[in-house]
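Hello,

Here is the structure I promised to hand over. Please open it first, then read my notes below.

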Amino acid sequence: MNELTGMEVRGDGVAIITIDNPPVNALAAGVREAILERVRDAAADERVLAIVLAGQGSTFAAGADIKAFDAIGTREASIDRSTRMHRLLAGIEDSGKPIVAAIRGAALGGGLELAMACHCRVVSPDAKLGQPEVTLGLIPGAGGTQRLPRLVPPDVAVTMCVEGKPLDARAALAAGLVDRIADDGLLDTASRIARELAASDSWRVTRAIEIDPARAAEGLRAIEGRRARLQARPGAMAAQRALDALQAAYTEPFDRGAARERELFADCVLSAESRALRHLFFAERAAARPPGLPAGTPTLDIKSAAVVGAGTMGIGIAMCYASSGIPVLLNDVSRDALRKALDTISANYRSSVAKGRITQAQADLALSLIEITTSYDAFHHVDIVVEAAFEDLDLKRQIFAALGAATRPECILASNTSTLDVDALAEASGRPSQVVGHHFFSPANVMRLLEVVRGRATSDTVLATSLAIGRRIGKVCAVVGNGFGFVANRMLAYYMREAYLLLEEGASVGQIDRVLVEFGMPVGPFAMQDIAGIDVGARIRQHLAKLGKTRADGPQSEVPDRLFDLGRYGQKTQAGWYRYEKGSRTPIPDPLIDGIAAAAAARRGITRRNAIPDAEIVARVTTALANEGARVLEERFASRAGDIDVIYCHGFGFPHYRGGPMFYAETIGLDTVLARVREYRARFGDYWRPAGLLERLVASGGSLYAPDAVPAAPAVS
Ligand code: 3HC
């Protein structure tokens with residue numbers, strides 16, 4: 001018999017079927033067939049009165065095998081696959097004996113669809129039930145859009161399919177998605193209920209439930225409400241298709257609704273958006289496994305932390321630790337700064353409670369875990385220190401020397417530097433193997449990216465622990481080499497260079513921001529700088545100028561420095577690239593900028609153009625990103641193109657449904673990207689140098705994602 005499932009017939013007449021496809025019981029084709037085979041065997045077995053379906057390990061089932069979607073090449077193949085899934089679930093529903101799903105952990109996507117085809121659902125308190133397909137650019141494809149509305153109220157069905165967030169056990173019980181929470185003895189409770197159902201000789205077949213007209217009307221209203229909100233959002237194709245499928249559930253009989261779902265699923269699975277989102281799903285997980293770090297490398301147990309520097313970044317980092325239940329000492333030389341930091345942290349938690357993101361109890365607990373201090377006296381207790389002091393190498397060197405003396409030898413010393421040399425800090429600490437970069441993005445308690453910077457001497461254990469703690473505090477981690485700006489900020493410099501130059505050539509701040517928001521960025525480059533602070537970049541440029549360096553090759557626009565000279569730092573001074581009314585964050589275009597850009601263009605001898613096409617703006621910035629990304633790869637500051645995608649999507653909001661700057665480059669064609677680089681070189685000058693890797697891949701017809709695209713080696717300085 002198959003090895004992907006197990007079956008045990010107990011003395012009480014209950015057959016326990018177990019899905020056994022580690023690590024998450026993904027429902028690959030063989031698994032689905034194996035389940036049906038077991039159900040048929042149990043149905044035919046006279047000893048069996050009822051069936052319980054459970055998952056081996058800590059997960060019920062994480063859904064269809066996401067990798068397998070890449071093999072679907074045509075609509076017909078997709079519809080054929082979905083039809084088989086639908087038949088299989090109908091086979092379970094019609095087995096003739098009651099089947100109870102016993103759900104521990106995740107029942108997601110196809111996993112929940114399978115559970116909904118069972119006649120009853122019993123869950124453990126840690127269960128998570130959801131239809132996250134939309135996060136992969138898909139819709140539920142095995143009847144989820146048809147069975148869910150038959151079990152839960154319309155607003156829940158719509159929210160689950162459009163937002164993709166799972167329900168916890170209590171919410172699922174309240175919504176009617178599950179029938180019982182078993183505080184302990186999940187299998188025993190499920191078995192008891194299964195026997196009761198068998199004895200009663202009546203159990204509910206989800207697809208046979210009639211949706212009454214009042215609920216159907218409510219469903220249609222909920223759908224229309226959502227549609228209006230989705231209209232303006234780029235990349236919302238899957239969410240729209242999910243609404244179409246739900247609409248069919250509220251207006252058509254089950255079989256017709258299911259057929260509609262299959263059609264809509266086929267649209268999605270073949271879409272560029274879904275391919276991109278599926279790519280990112282696996283790239284995020286691969287990024288946590290850098291080449292060169294042996295699997296199973298031991299990690300240190302992080303029970304307490306300290307953060308040095310109570311500025312914006314320090315505050316956000318301290319919140320990350322406290323919100324994850326890790327006690328944290330927040331250190332600063334200024335008592336006043338520490339008091340203000342605590343006020344800000346309290347206000348942030350209050351706002352999260354008000355928005356319903358966390359409960360008051362969670363906020364209270366997190367706040368109680370933060371202790372302020374002006375000394376390093378208690379640092380010998382902590383397992384990790386994250387330094388988030390002012391970006392000044394000498395200051396940071398002093399701090400690392402002091403930390404080396406104040407902490408235990410095994411304590412990890414991490415720097416949140418965004419540009420400075422991690423090896424120099426390692427040397428100052430006196431124990432370089434414990435030093436690593438932990439580059440958070442602002443606001444650190446919100447942005448999901450953590451660049452883990454591996455220094456020359458960083459030990460494997462410190463690297464592995466960094467990845468583990470990053471994950472624990474809710475970050476998506478990528479390991480990068482120790483080069484100026486690491487990966488994210490290095491690439492950002494090229495993105496910004498093109499934005500500045502386009503401005504000088506005649507595009508407006510408003511046009512560039514609008515075009516890039518339409519492309520899918522959450523905010524345009526200039527509005528983003530007004531949030532982050534124009535002074536931050538200006539100070540980095542000043543520091544580099546002293547060293548005779550620049551952030552990006554090519555002409556350095558003087559425009560941002562003029563704004564800095566004028567004290568226009570962005571939202572915080574009510575003026576930057578835009579103007580802001582007091583107390584408002586609404587950007588107001590300011591004609592002054594065009595005057596500054598025109599003067600800068602005149603000084604550089606640039607003839608301004610009357611109109612710059614929107615398409616050129618997108619092409620220029622995305623080509624700059626892809627070309628620089630290719631250089632990052634060939635210089636080994638990142639190990640894989642997918643790592644760069646993860647970094648730019650999570651660090652700067654590159655549209656996830658475009659898969660990241662490197663995936664986007666492959667989508668439009670590396671030859672197109674290279675042709676653009678060459679065209680720009682001819683038009684603008686030699687600073688548009690094609691990356692050697694790009695030229696090689698185009699010449700050989702290769703891919704950035706081929707295993708041998710870049711010679712395998714750890715990202716090291
Ligand atoms: N298919 C294939 N592989 C999967 C998978 C899936 N559905 N879900 C997880 N995996 C893999 C991961 O890639 C990872 O592999 P790796 O070790 O080689 O990197 C491994 O399982 C463990 O995954 P995580 O690192 O994510 O483990 P966590 O414990 O952090 O999270 C989880 C577990 C919450 C289940 C998370 O993996 C998850 O969210 N999975 C995806 C759920 C999902 O989106 N399901 C819908 C699939 S589409 C579908 O079902 C269509 C249907 O309607 C027809």
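In which sense do β1 and strand β2 pair, and over how many bridges? They pair in the antiparallel sense, over five bridges. β2 covers residues 14–19. Strands here are DSSP runs of E with at least two residues, and helices are runs of H or I with at least four, numbered from the N terminus. Two strands pair if DSSP finds at least two bridges between them. Val9 stands opposite Ala15 in β2.

A word on the source: this is a predicted model, where local features need pLDDT of at least 70, side-chain atom pairs need 80 or more, and totals for chains, interfaces and linings use all residues. Residues are numbered from 1 along each chain as its sequence is written, and side-chain values use heavy atoms, without hydrogens or water.

Now the whole sheet. It is open, has six strands and runs β1-β2-β3-β4-β6-β9, with mixed pairing. β1 (5–9) and β9 (180–181) stand at the edges with a single partner strand each, so one side of each has no neighbour in the sheet.

Next, the ligand. Some polar contacts follow (N or O pairs within 3.5 Å). A polar side-chain atom of Glu133 lies 2.6 Å from a ligand oxygen. For a polar side-chain atom of Arg289, the distance to a ligand oxygen is 2.8 Å. The protein buries 76% of the 990 Å² that the ligand exposes when taken alone (Shrake-Rupley method, 1.4 Å probe).

Best wishes

Technical notes:
Polar contact = N/O pair within 3.5 Å; in protein donor to acceptor, adjacent residues only side chain to side chain.
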